[in-house]
Amino acid sequence: MTQPSLPELLHAAVTAVGGTERPGQVAMAEAVAEAIDDGAHLLVQAGTGTGKSLGYLVPALAHGERVVVATATLALQRQLVERDLPRTVEALHPLLRRRPEFAMLKGRSNYLCLHRLHEGVPQDEEEGLFDQFEAAAPTSKLGQDLLRLRDWSDETETGDRDDLTPGVSDRAWSQVSVSSRECLGATKCAYGAECFAEAARERAKLAEVIVTNHALLAIDAIEGAPVLPQHEVLIVDEAHELVSRVTGVATGELTPGQVNRAVRRAAKLVDEKAADQLQTAAEGFERLMELALPGRLEEIPEDLGYALMALRDACRTVISAIGSTRDKSVQDEDAVRKQALASVESVHDVAERITHGSEWDVVWYERHEPRGGAAYRHSGASLRVAPMSVSGLLREKLFTDRSVVLTSATLKLGGDFNGVGASLGLGPEGAEGDDLPQWKGVDVGSPFDYPRQGILYVAKHLARPARDGDRKDMLDELTELIQAAGGRTLGLFSSMRAAQLAAEELRSRIPEYPILLQGEETLGELIKNFAADPRTCLFGTLSLWQGVDVPGPSCQLVVMDKIPFPRPDDPLMSARQKAVEEAGGNGFMAVAATHAALLMAQGAGRLVRASGDRGVVAVLDPRLATARYGSYLKASMPDFWYTTDRNQVRKSLAAIDAAAKQTEAAATE
């Protein structure tokens, strides 16, 4: 029997999910199939509306080898597992004559731990465990969350935190979950046979398609102990996020609170001498942290070096002492011991890493604004360490022994794939070299007619934004634009402070247009309310630049207050910039401009989400029109019709608003 062709398979899958075939989707599926067949690597840019998940799922399922799909957002993981995969597998079954299994796999702390739930949580101050359900007042928010979790544990099949709706606070979840370091292990745990995390791993071992997240992919690559089953094909969706997620996983942190917690947990399991040594080291570290000023530490100051060595050595003593003591008076000793070890080991590892001092690491102090009252007083400072770059790590761990497909709506910056390629550890496209993975880039375009559907407006007449300066002219411009658009505005700000100031000011200037502000409600609620009322505006920062999908008339104006360059005092970004310059490159373009281009491409992508959408992306920063790097940033954004004429834009917005009102009126008649 002849094998069905890729177009036939794609047609069956698209019909099953109720979509329409797009030329870009066909081109993408063919490029993915070719890469998988050749064991090659592919970067594919697929604009919003291409239907990229089917563009990679169909060729991957047709090929028949095991595939891991890693995504950045929960929303896409859900869409794949609950919608796209079940329907695609069913649609392809008659043609492929098999029904591939698929499974979701996340890090251990995403699953409910039955041991914690039934046996209690190791308590820092007391012997053994305490029952968190008795300890929390049933009327408190924490108490209610815990009771809900206990009821849910009887009915859930997955134990996956994301299947619990509505969700619970991080604090409540931490009482019923464990990190991989704290886990007793299935063979030692009384609940090992029923464990949700183990069941998820077993399902993944049997599945042909495993859906996971970037963080677990990073842990799999960095920690050396494989978490993901062996696979032949890796597909990274939302690939523009991968570098920052991997950097996050590879970042270590030490805070006085975390060190003190390790001291308390270990104290009851080791002799007095070892406990005192750790206590003394912790006090020395805390004294230093009280004086810490935010910023990069190009060299480790002598006093910090001594404090970290004392901490490292004390942790080492405690780790061997915990291993050799047995204390039957401690209730559920194994769990208490495991949690204490996990705390002490994580302090040891970060202290050791910073003391060891790699030239590839960046170390800095960070201060956090104290929230609330005296209880938060000690949460002021942290010591952090992150890799200067993760490109070498990705080149070595990601691109060996499997075919890798990376896809996103934004992978071409300034017109080519090389910027993103370099951040992933790839050489320029087509470059030959022993240790350089071969790859190619394909842009399958977008089904949208950007020049007809959208306008890119740059407010060239405004003053150049100064750091923390008063931007009255920007707020005047924003007010006029919102009035012309009749609300319908997504405001993307470069800092939370700027978003708050704009919301406060505009709420008093134009009270007829409700303004929602990120942080005042959960993100899901905000987006739902924004979509429900066309007159409403939504203001916020980073997560809104890439997390909002509101097609239709509720979002017809996307405003960026200024080009989102990293803060000049961002220790990691400035260290990366400096390293590029010392190697003879252009640090500003390689780091700051690339960062801004990615965010602006993502932000501008919020405007047109469907073929009927119309609107304006307004950038209230004249540098996009006047600075040398402006053309690079514009080339990274959708190909909208471009103007700097403020009157033209007001007229266009008013016309789009009038058309939307007409449609709304017709719908209610």
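Trainee: Which residues is Ser177 in contact with, leaving aside its neighbours within four places in sequence?
Mentor: This is a predicted model. Ser177 is found in the loop between α8 (170–174) and α9 (196–206). Its contacts beyond those neighbours are Ser109, Tyr111, Cys113, Arg116 and Glu182.

Trainee: Is Ser177 buried or exposed?
Mentor: Buried means under 20% relative accessible area. Ser177 has 7% relative accessibility, so Ser177 counts as buried.

Trainee: Which backbone oxygen does the side chain of Ser177 reach?
Mentor: Ser177 sits in the loop between α8 and α9. The side chain reaches out to 3.0 Å from the backbone oxygen of Trp173.

Trainee: How do the rings of Phe565 and Tyr629 pair: stacked or edge-to-face?
Mentor: The structure holds seven aromatic pairs. Phe565 and Tyr629 have ring centres 5.3 Å apart. Planes over 60 degrees apart count as edge-to-face. Theirs are at 85°, so the pair is edge-to-face.

Trainee: How many residues apart in sequence are the parts that Phe565 and Tyr629 tie together?
Mentor: Phe565 lies in the loop between β18 (557–560) and α23 (571–582). Tyr629 lies in the loop between α25 (623–626) and α26 (630–635). The pair therefore ties together parts 64 residues apart.

Trainee: Where does Phe588, which pairs with Tyr629, lie?
Mentor: The rings of Phe588 and Tyr629 have centres 5.2 Å apart and planes at 55°, so the pair is tilted. The two residues are 41 residues apart, and the pair links distant parts of the chain. Phe588 lies in helix α24 (residues 587–604).

Definitions and conventions. Residues numbered from 1 in each chain as written. Predicted model: local features only at pLDDT ≥ 70, side-chain atom pairs only at ≥ 80, totals over all residues. Heavy atoms only, no water. Phe/Tyr/Trp six-rings, centres within 6.5 Å; stacked < 30°, edge-to-face > 60°. Helix = DSSP H or I, 4+ residues; strand = E, 2+ residues; numbered from the N terminus. Buried < 20%, exposed > 50% of the residue type's maximum accessible area, 1.4 Å probe, protein only. Polar contact = N/O pair within 3.5 Å; in protein donor to acceptor, adjacent residues only side chain to side chain. Contact = heavy atoms within 4.5 Å.
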